[in-house]
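Below are a few friendly notes to read alongside the coordinates.

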Amino acid sequence: MQYQLDKDLALRERAATAFPAGIYGHMSTTPLPQNYPQFIEKADGGRIWGYDGFEYIDLLCAYGPNILGYKHPKVEEAVRRQMALGDCTTGPSAIMVELAEKMIDNGQHADWSLFCKNGSDATTICLMIARAQTGRNKILMAQGTYHGVDPWCNWSRVGIPDEAKANLITFKYNDSASLEEAATLAGDDLAGIIVTPNLHEVFVTQELATAEFAKKVRSLCDKKGAALILDDVRCSYRFSLGSTWETLGVLPDLCAMGKTLANGYALSAVTGGDAFRDGAAKSFTTGSYWFSSVAFAAALATIEAIEAEDAISRMHAAGTKLREGLAQQANSYGFTLHQSGPVQMPLFLFDGDPEFRLGQAFCNEAMKAGVYLHPVHNMFICAAHDKDIAEALQRTELAFEAVKKQFGTAA
Ligand SMILES: Cc1ncc(COP(=O)(O)O)c(C=O)c1O
């Protein structure tokens, strides 16, 4: 199939008028290479197809939610079954309780669960519960972390009053001294520390929390009587079915999960321990679609499939194969890649490429060869990619070759 983008570009033109500035948020292609394909007609496993019929191995996985592979048969069967019974109804179905019990079983920290729709809902609810439980206001968060789009955490200040961020104090990720300083500034008013298992800085790098730092966050929260809030929205289910810091031996008081919980059906969750049950019980939170049963059915089927199909190890193996293959290819063409973060959430940038010209050219060439990737943002591996990585690497080889022709070697 010939690479072409005629229909994609026509859709983009219509979108430019139908929306205030075209497709928005993280799906906006404004900062991306020219002609970055934007619209997706269909998806299956680890692959997507644009409206011009061209197929890509998809290394973005919907920016995370696709964890098992698009249209996973067990998830789709559970969705169809529940859809036939009802979705958004006047009361929740039994399946909501079943899912909460399953998440409590899976999370060592979890004694209760709440469901919502987006990661931003979950992180904001965690702050509310931490404040309700402790009767305090200040929250510590790491510089450069993303917790969603609600006013307290939106990276943009446009349309957001300063007061929305008034109770936030920042610290440097993985830096215990900086964390201590921020806690001192909060004094007796520290309600919680919100932290991600992995710092992802678009354009720059990714950095996993060290066990030492995770333990420091835990001990500081214990000392101050504050909530350790783990924002697991980006990492959920790619490391563990419980909270990601279980793998470091550290348990949160509150955990925000999202993206992957229902293999792409809209669902996020807050899980917490008994010490924060009262705060959660007295906080008011809800949404018209938060009790819809289809997403719960999809979530239960997703958990079962992750367990039955050894999905977490498969993602790790596929991510490792991709990282090693890319490093070897880059090397053979005279380039060096800075690859960072966990292999199942890879970010790679070209060394010596401050304006991202190599990265953008590589992205364009990879698209033409049939690999959908992002030049400056971390990507996501799904379990179905174990069938795709060898072919993805054949395609990226073509991209390296083309970039080498355009630029010569990186030096
Ligand atoms: C760490 C983290 N927290 C929160 C969010 C917000 O999630 P959502 O986009 O579902 O609102 C994201 C989204 O990328 C995230 O990566």
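Helices (H or I, at least four residues) and strands (E, at least two) are taken here as DSSP runs, numbered from the N terminus. This is a predicted model, in which local features need pLDDT of at least 70 and side-chain atom pairs count only at pLDDT 80 or more, while totals for chains, interfaces and linings use all residues. Residues are numbered from 1 along each chain as its sequence is written, and side-chain values use heavy atoms, with hydrogens and water left out.

1. **Helix 8 and what follows.** Helix 8 (residues 293-308) has 16 residues and reaches 23 Å from its first C-alpha to its last. That is close to the 22 Å expected at 1.5 Å a residue, where the expected span is 1.5 Å times one less than the number of residues. Of its 16 residues, 13 are buried, so helix 8 is largely enclosed by the rest of the structure. Buried means under 20% relative accessible area, exposed over 50%, and partly exposed in between (1.4 Å probe, protein chains only). After helix 8 comes Asp-310, with a positive phi near 50 degrees, although Asp-310 is not a glycine. Asp-310 sits in the loop between helix 8 and helix 9 (311-332) and is partly exposed, at a relative accessible area of 45%.

2. **Cys-61.** Another non-glycine residue with a positive phi is Cys-61, again near 50 degrees. Cys-61 belongs to the loop between strand 3 (55-58) and helix 2 (73-85). Its relative accessibility is 0%, so Cys-61 counts as buried.

3. **Cysteines.** How many disulfides does the rule give? With a disulfide taken as a pair of cysteine sulfur atoms within 2.5 Å, the count is 0. For Cys-255, the nearest cysteine sulfur is that of Cys-126, 7.3 Å away. For Cys-363, the nearest is that of Cys-61, at 15 Å. Cys-255 is buried, with a relative accessible area of 0%, and Cys-363 is likewise buried at 0%.

4. **Aromatic pairs.** The whole structure holds 17 aromatic pairs. Rings of Phe, Tyr and Trp (its six-membered ring) pair if their centres lie within 6.5 Å; planes under 30 degrees apart count as stacked, over 60 as edge-to-face and the rest as tilted. One of these pairs is Phe-362 with Phe-400, tilted, at 4.5 Å centre to centre and 45 degrees between the planes. Phe-362 lies in helix 10 (residues 357-369) and Phe-400 in helix 11 (residues 389-407), so the pair ties together parts that are 38 residues apart in sequence.

5. Ala-183 is placed in helix 5 (residues 176-186) and is buried, at 0% relative accessibility.

6. **A nonpolar surface patch.** Which residues make the nonpolar surface patch of about 380 Å²? They are Tyr-146, Val-149 and Trp-155. Patch members have over 30% relative accessible area and no salt bridge; like charges are joined within 9 Å, nonpolar side chains (Val, Leu, Ile, Met, Phe, Trp, Tyr) within 5 Å. A salt bridge is a side-chain nitrogen of Lys or Arg within 4 Å of a carboxyl oxygen of Asp or Glu, and accessible areas come from the Shrake-Rupley method with a 1.4 Å probe. Tyr-146 is in the loop between strand 5 (138-142) and strand 6 (168-171), and at 36% relative accessibility Tyr-146 counts as partly exposed.
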